[in-house]
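I keep these notes as a record of what I looked up in one structure. They are meant for a reader who has not seen it before.

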Amino acid sequence: MKRLLINALFLCFWHSISAQQSEYTLDLNQASATLLDEGAFFAHSDSSGLHPGYEIPKGSGIHAIFSAGFWMAGLDQWGQLFLSAQRLAVPNQSDFYSGPYSIFHTYMDPNYVSKYSDAIWTVSKAEIDFHQQHFQDLGYVIPNSILDWPGNGDTILGVAAQLAPFIDLNGDLIYQPQFGEYPDIRGDKASYVIYNDDRPHLNTNGNSMRIEVHIMFYQFASTDFLNETTFMNMRVFNRGALFFNQFKCGFFMDGDVGGYADDYIGSDTTRNLMYFYNYDNTDVEYGTNPPAIGAISLSHDIQNMTYFTSTSAYPYNDPGPAMEYWNFLNGTWENGAGFYYGGQGYGGPAGSTNTPTNFMFSGNPYTNQGWSEVSANNPPGDRRGIMTIEDIQLNSHAETCYDMAIIYNRNGNNLENVQGLLEVADSIRQFYNLQVNYYNCSQVTASYDELNPNTTKSIIAFYDLLGRACSPEKGKILFVQFSDGSIEKRMILE
Ligand SMILES: [Ca+2]
Ligand SMILES: [Ca+2]
Ligand SMILES: [Ca+2]
């Protein structure tokens with residue numbers, strides 16, 4: 001057990017009225033991913049404490065991730081900070097709560113509790129295929145995985161009418177599996193998790209954003225790189241009245257490559273990748289040739305990638321209050337000090353420069369090009385990383401969405417596995433770009449050529465998020481410049 005941070009006071013107070021977080025392990029392929037429904041995932045918690053929750057390969061008893069979660073924050077028009085974030089699966093010490101947002105806040109209603117205290121729904125493509133072929137057969141019984149799919153929320157409880165995606169054959173917006181309708185999943189098996197932040201934030205003490213988060217975790221059965229991959233489609237719904245002038249979403253991951261104490265971290269800005277690897281070629285759990293594991297953003301260019309280490313001194317250690325999480329989301333240390341290229345990314349100590357950077361250890365430790373923890377010869381440790389994947393305005397009742405994947409490679413020594421992971425990242429992106437049926441991960445629902453059907457203005461240029469001229473590419477978010485001079489942030493649909 002790595003650490004136990006249960007706050008006994010909160011535990012006593014909340015235990016009687018707060019439901020236990022539910023757990024499900026998605027393990028269709030070689031990645032055995034433990035899911036939870038209160039903000040943290042790839043983590044496991046029981047009476048003996050906190051444990052890692054991403055076993056790979058499945059059945060080995062060895063894990064490569066201790067914990068992960070999405071961090072979200074926004075500033076309202078007066079600059080007030082609202083923030084929801086989770087690092088660890090400590091029971092009853094979360095910013096997030098299982099189930100959808102309720103406009104009546106009726107979370108203690110027995111009907112709400114019975115419907116949503118377990119907010120993880122899982123279904124396989126095989127079940128869906130069988131259902132499609134046999135739903136009209138005499139004696140066919142719809143399996144619970146399809147029957148219970150949360151396509152519609154209970155509006156009597158103040159929950160949104162539309163929740164998880166489904167194929168609505170008759171177009172009435174009502175999920176009717178008895179008519180052959182079925183969950184609209186990706187992959188060969190998917191788990192759908194719903195949680196909200198509409199109660200006290202027991203982790204960060206941040207202000208509630210009134211958001212609802214949906215994550216579809218999905219895996220493919222395959223014999224290639226997909227067999228060691230878990231995908232995530234994450235959607236954020238702003239259910240309240242707040243308008244966030246600046247909304248940021250980050251993906252946090254405490255990668256532990258087997259033993260946690262001898263790891264390095266890195267980023268690859270061209271691949272939108274954050275990754276963890278062993279500093280030497282021997283790990284206490286994986287043995288020789290320990291793997292590399294990473295998180296890749298597929299729908300968005302990452303804005304920054306930062307890290308911290310639990311054993312470091314302030315301000316280089318784990319964040320505590322909401323403002324410290326906000327600082328990390330903004331690509332600074334937790335006290336707001338900047339990151340600098342070189343060394344350990346601090347201003348001052350040996351090896352660092354005066355050059356600010358948004359991406360920690362952006363070089364390649366295998367080719368030894370650029371700045372890496374290998375080139376800096378850093379002391380290894382328990383690395384935790386956070387990559388900020390979006391910075392937008394988020395209106396009341398708007399939604400945004402992200403596609404990501406957790407990828408893995410173990411085909412050589414510790415550094416060859418980093419190089420191998422970069423190649424897996426390219427394969428995953430190629431695979432993702434071919435998925436034409438995926439609904440588009442963007443706040444904007446119009447495609448660029450439909451923006452102004454009667455328009456007098458035409459598109460004159462595209463720019464990427466760094467302001468560089470680029471060509472339009474499906475699934476890419478970019479700035480579109482129009483002939484009247486206006487610029488809008490858009491995602492290309494087709
Ligand atoms: Ca229907
Ligand atoms: Ca290790
Ligand atoms: Ca770690």
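**Entry 1: conventions.** I am working with a predicted model, in which local features need pLDDT of at least 70 and side-chain atom pairs count only at pLDDT 80 or more, while totals for chains, interfaces and linings use all residues. Residues are numbered from 1 along each chain as its sequence is written, and chains are lettered from A and ligands numbered from 1 in the order in which they are written.

**Entry 2: the whole protein.** I found 6 helices and 29 strands; these are DSSP runs numbered from the N terminus, with helices being H or I of at least four residues and strands being E of at least two. The protein has 494 residues, and 49% of them count as buried. A residue is buried if 20 or more other C-beta atoms lie within 10 Å of its own, exposed if 12 or fewer, and partly exposed in between, with C-beta atoms placed from the backbone. I then looked at contacts, meaning pairs of residues whose C-beta atoms, placed from the backbone, lie within 7 Å. Of the contacts between residues at least 6 apart in sequence, 65% join residues at least 24 apart.

**Entry 3: strand β16.** I asked which strands pair with β16. Strands pair if DSSP finds at least two bridges between them. Strand β7 (residues 63–75) pairs with β16 in the antiparallel sense over 10 bridges, and Ile-65 has Gly-255 of β16 as its bridge partner. Strand β25 (residues 383–394) is also antiparallel to β16, joined by 8 bridges; here Phe-251 is partnered by Met-387 of β25. Strand β16 (residues 244–255) has 10 of its 12 residues buried, so it is largely enclosed by the rest of the structure.

**Entry 4: strand β22.** I noted that β25 is joined to β22 as well, by 6 bridges in the antiparallel sense. Tyr-307 stands opposite Gly-385 in β25. In β22, 5 of the 6 residues are buried.

**Entry 5: helix α5.** Is helix α5 (residues 322–329) mostly covered or mostly uncovered? I found it mostly covered, with 6 of its 8 residues buried, among them Tyr-325, Trp-326 and Phe-328. The buried residues pack against β7, β8 (81–84), β16, β22 (304–309) and β25. Gly-331 follows α5 and has a positive phi, near 75°.

**Entry 6: helix α6.** The buried residues of α6, including Leu-421, Leu-422 and Ile-428, pack against β17 (263–268), β18 (273–278), β21 (292–297) and β26 (399–409).

**Entry 7: Asp-268.** I located Asp-268 in strand β17. Asp-268 is buried, because 23 other C-beta atoms lie within 10 Å. Leaving aside neighbours within four places in sequence, Asp-268 is in contact with Leu-273, Ser-362 and Leu-422.

**Entry 8: Gly-206.** I located Gly-206 in the loop between β13 (189–196) and β14 (211–219). Why does Gly-206 count as buried? The reason is that 22 other C-beta atoms lie within 10 Å. Gly-206 and Asp-95 are 111 residues apart in sequence, yet their C-alpha atoms are 8.0 Å apart. Not counting residues up to four places away in sequence, Gly-206 touches several residues, including Phe-82, Asp-95, His-201 and Ala-322.

Technical notes:
Contact = placed C-beta atoms within 7 Å.
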